[in-house]
Amino acid sequence: MPIHNSDIVENFNKVADLLEIKGANPFRVRAYRNAARTIGSLSKSVADLIAEDRPLTDFSGIGKDLAEKIEEIVKTGTLSQLKALEKDLSPGLHDLLRIPGLGPKKVKTLYEELGIDDLPSLKKAARDQKIRDLEGFGARTEASILAEIERHSWGKSRTKWVIAEEIARSYVDYLRKDNSVKDITVAGSYRRGQETVGDLDILVTVKRGSDIMAHFVDYEDVDRIISRGETRSSVVLRTGLQVDLRVVPQVAYGAALHYFTGSKAHNIAVRKLGQKKSLKINEYGVFKNDERRAGKTEKDVFKQVNLPYIEPELREDRGEIQAAQKNRLPDLIELADIRGDLHVHTNETDGRDTLEDMVSAAQGKEYAYLAISNHSQHVGIARGLDRKRLARQIEKIDRLNTKNGNFVILKAIEVDILKDGSLDLPDDILKELDVVIGAVHSDFRLSRQKQTERILRAMDNPVFNILAHPSGRLINAREPYEVDLERLIEAAAERGCFMELNAHPDRLDLNDVFCKTAKDLGVKIAVSTDAHSVDSLDHMRLGIHQARRGWLEADDVLNTRSWRELKKILQRS
DNA sequence: GCCGTTTTCGGCCCGACTGTTTTCAGTCG
């Protein structure tokens, strides 16, 4: 069984949990969590790195000891240290830590005093009112534990960005109805454009005498109030999404924005730069010996540590600070750079709208071209095109193109990559097309090697241009299929093929990390909506967020080019 | 457990809010 980076992340986080409960040195605990985070953000499989004899200690936060533990996990699938800890304590304790309000200290007390080591025993003890008498606990804590177990909200998955956007917009509109609000920004992972968000962090500055907190908790979608203070309050909405409001003074707005935008790893890295210059950086500003040096704008904060402004999407401590120090930050792509959409469907197959409607919507966006890429015959449920119907679509597009002025409708297909790597339609008809997009829609469960070979074989066909939704994952719904994405990206570089960044809110595939891999390997990316209706053409903005998180500039993206330039690039010789 | 322009020891980010206390530990972000 192949060991994934996520297996290592899980093992290390579990070790950290149990060490914390045992009361181990907190910095030792942090070392495990830091290493887990480092491994989690790698684009390459650690198992592959070990096979290639790459020393894992090259990665920051991984020393000799943890490198050996990673090798053990890769070789044996388990970590003896974790086994021993779970035997010493109990594997059920991990679940207890996930309950809001229970941290390592409280779990330790529950375990030692009452022998509670899993959710059922915790629930029983709470019901029997045994918890309230423990030192540091009380009736309210006991009631809250019981409520959390019954609510089960702590097991909930993260909210997709596009859903968070809708919620955030309404909440911000509501907050603005209070006239005391001056500035307002939704910070956190939402502002960084992450594909999912855990909660919303809203930052405001207000006029003197404002009672914004009362207004905040009075919102009609609030299900319950977690906390309410002078500068910070937290609520949970009916949807289950947590929203925090922070009121910050005007002079500290930039510092607070930086602090609450994160990511945590980025903030720590910036604060460490500050420490070297004897600067203390927190949400109130940048201070030297209690004297305020900056805080009004984010730019000022960065300036104090000799950095240019870093865009929120880059703030993950994945090299942006080093790039900023060398003045080599990317000039990130913007929505306005996009000149066409290279992957859309019509009602000829499983789309909702007609070809004509899709074209006029694209023209409304001032695009220069739109590729009509319906499914091929193998996707029966979508009434995919056979050779005959594709030929008819080609004729129709040729006819329409004579009367569209400068706008060009591109003849395209989303052709299925069959199990053996052949394409679902014959080469002679595919050659007639402007763009051939290949995609996997079946046989997701092939082995990693077979799946990789299948797609490589498809890319070997000289008609092949773009690999659609390369990992096949659906956010919160389906894991990516087993495939060596890095190998596929290398292969695209060798063959003159391209990768898609599918902008559908459920896909966002390639993800940020692999977008950067593609960029580093010189493979251009098509940011495409895969729209099945006129409305979905708007998903382009989601693709742009993901592209920016992947460090992409306009030049890295295929569809920032004019059709003339694009046509040349698509020619495989 | 990691790390090093303070380099093999002694640091490691920091503040708000809650509940349980009666001055603060624990949790969270």
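**Note on the predicted model of chain A with DNA strand B**

1. Helix H1 (residues 5-22) packs against helix H5 (residues 80-88) at an angle of about 35°, and their axes are 10 Å apart. These values belong to a predicted model. The angle and the distance are given together because two packed helices are described by the angle between their axes and the distance between the axes. The crossing of H1 past H5 is left-handed. On the H1 side the residues involved are Asn11, Lys14, Val15 and Leu18, and they meet Gln81, Leu82, Leu85 and Glu86 of H5. By class, this contact of H1 with H5 comprises four nonpolar, two polar and two charged residues.

2. Helix H21 (residues 485-495) and helix H22 (residues 512-520) have axes that come within 10 Å and cross at roughly 35°. The H21 and H22 crossing is right-handed. H21 contributes Leu485, Glu486 and Ile489 to the contact, while H22 contributes Phe514, Thr517 and Ala518. Four nonpolar residues, one polar residue and one charged residue make up the contact of H21 with H22.

3. The overall division of the chain should be kept in mind. Chain A is split into domain 1 (5-155), domain 2 (159-247), domain 3 (251-325) and domain 4 (335-570). Between the C-alpha centres of domain 1 and domain 2 there is a separation of 30 Å.

4. The surroundings of the DNA deserve a separate point. How many residues surround DNA strand B? There are 36, and the closest are Gly63, Gly103, Lys106, Gly138 and Gly229. Several elements each supply at least two residues of the surface near DNA strand B, among them helix H2 (26-40), helix H4 (64-76), helix H7 (104-114) and helix H9 (139-151). Strand S5 (222-228), helix H14 (264-276) and strand S8 (280-282) likewise each supply at least two. By class, the surface near DNA strand B has ten nonpolar, 13 polar and 13 charged residues.

5. One open sheet consists of five strands in the order S2-S4-S7-S6-S5, and its pairing is mixed. Strand S2 (181-186) and S5 are the edge strands, each having a single partner strand, so one side of each has no neighbour in the sheet. From one strand to the next, the twist averages 20°.

6. Within this sheet, two pairings can be followed in detail. Strands of a sheet pair through backbone hydrogen bonds, either parallel or antiparallel. S5 and S6 are antiparallel and share five bridges, and a hairpin of three residues connects S5 to S6. Ser227 has Ser234 in S6 as its bridge partner. Strand S6 (residues 232-237) also pairs with strand S7 (residues 242-247), again in the antiparallel sense over five bridges. Here Ser233 has Leu245 of S7 as its bridge partner.

7. Helices pack on the sheet of five strands. Helix H10 (residues 161-176) touches S2, strand S4 (199-206), S6 and S7, and its direction makes about 170° with that of S2. Helix H13 (residues 253-261) lies across S2, S4 and S7, running at about 175° to S4.

8. A further open sheet has seven strands, in the order S11-S12-S13-S14-S15-S16-S17, with parallel pairing. Strand S11 (340-344) and strand S17 (525-528) stand at its edges with a single partner strand each, so one side of each lacks a neighbour in the sheet. Strand S14 (residues 435-439) and strand S15 (residues 466-467) run parallel and are joined by two bridges. Gly438 is placed opposite Leu467 in S15. Helix H17 (residues 355-364) lies across S11, strand S12 (369-375) and strand S13 (408-416), and runs at about 145° to S12.

9. Which residues does a cis peptide bond with omega of about -5° join? They are Gly262 and Ser263, and Ser263 is found in the loop between H13 and H14. The peptide bond from Asp509 to Leu510 is also cis, with omega near 10°. Leu510 is located in the loop between strand S16 (498-502) and H22. Asp53, a residue other than glycine, has a positive phi, near 65°. The position of Asp53 is in the loop between helix H3 (46-51) and H4.

Technical notes. Residues are numbered from 1 along each chain as its sequence is written. Chains are lettered from A and ligands numbered from 1 in the order in which they are written. This is a predicted model: local features need pLDDT of at least 70, side-chain atom pairs count only at pLDDT 80 or more; totals for chains, interfaces and linings use all residues. Axes are lines fitted to C-alpha atoms, for helices over the stretch in contact, and angles run from 0 to 180 degrees between N-to-C directions. Helices (H or I, at least four residues) and strands (E, at least two) are DSSP runs, numbered from the N terminus. A crossing is left-handed if the near helix is turned anticlockwise from the far one by less than a right angle, and right-handed if clockwise. Two residues are in contact if their C-beta atoms, placed from the backbone, lie within 7 Å. Ala, Val, Leu, Ile, Met, Phe, Trp, Tyr, Cys and Pro count as nonpolar, Asp, Glu, Lys and Arg as charged, and the others, Gly among them, as polar. Domain bounds come from an automatic or database domain assignment. A residue is near a molecule or strand if its C-beta atom, placed from the backbone, lies within 6 Å of it. Two strands pair if DSSP finds at least two bridges between them.
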